[in-house]
Amino acid sequence: MSSIKNHVQLIGNIGQDPTITNLENGKKVARFSLATNEHYKNAKGEKQTETNWHSIIAWGSIAEIIEKFTSKGKEVAISGKLKTRSYTSKDEQTHYITEVVANDILLLGSKPDKA
């Protein structure tokens with residue numbers, strides 16, 4: 001059972017082109033937001049969509065895949081874990097950020113047209 005502790009799986013669309021950072025040690029880091037949609041009917045029977053946004057971070061070879069094969073709007077499946085970090089702003093306020101650290105990515109949707 002220890003393998004399912006702190007495990008996240010999401011399927012959604014990339015919100016903006018991923019930001020890729022090349023670190024001094026040669027590793028890459030990819031950061032992007034992922035939108036997941038939940039569909040339901042309200043009390044009047046009208047179809048509703050609720051969108052949730054998730055911050056995703058990926059390292060190394062996963063970041064390289066994201067850099068080469070994804071862009072805004074691309075549908076992907078992400079598997080990873082939740083990580084929370086904090087920082088203190090200039091006005092001495094502590095802020096907390098929860099991100100999904102991607103361990104695996106699956107590219108979904110149609111293949112891009114070859115030119």
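What percentage of the 115 residues of the chain count as buried? In this predicted model, 30% of them do, with buried meaning under 20% relative accessible area (1.4 Å probe, protein chains only). Local features need pLDDT of at least 70, side-chain atom pairs count only at pLDDT 80 or more, and totals for chains, interfaces and linings use all residues. Residues are numbered from 1 along each chain as its sequence is written, and side-chain values use heavy atoms, leaving out hydrogens and water.

**Fold and overall form**
- Along the sequence the pattern reads β-β-β-β-α-β-β, with helices (H or I, at least four residues) and strands (E, at least two) taken as DSSP runs numbered from the N terminus.
- The radius of gyration, taken over C-alpha atoms, is 17 Å, well over the 13 Å from the globule rule (2.2 Å times the number of residues to the power 0.38), so the chain is more spread out than a compact globule.
- Along the principal axes, the C-alpha atoms fill a box of roughly 55 × 50 × 40 Å.

**A hairpin to look at**
- Strands β2 (residues 19-22) and β3 (residues 28-41) pair in the antiparallel sense over four bridges; pairing requires at least two bridges found by DSSP.
- Ile 20 stands opposite Ala 30 in β3.
- Five residues lie between β2 and β3 in this hairpin, and Gly 26 in the turn has a positive phi of about 95°.

**Contacts and surface**
- Of the contacts (heavy atoms within 4.5 Å) with a separation of 6 or more, 55% come from residues 24 or more positions apart.

Conventions: Buried means under 20% relative accessible area, exposed over 50%, partly exposed in between (1.4 Å probe, protein chains only).
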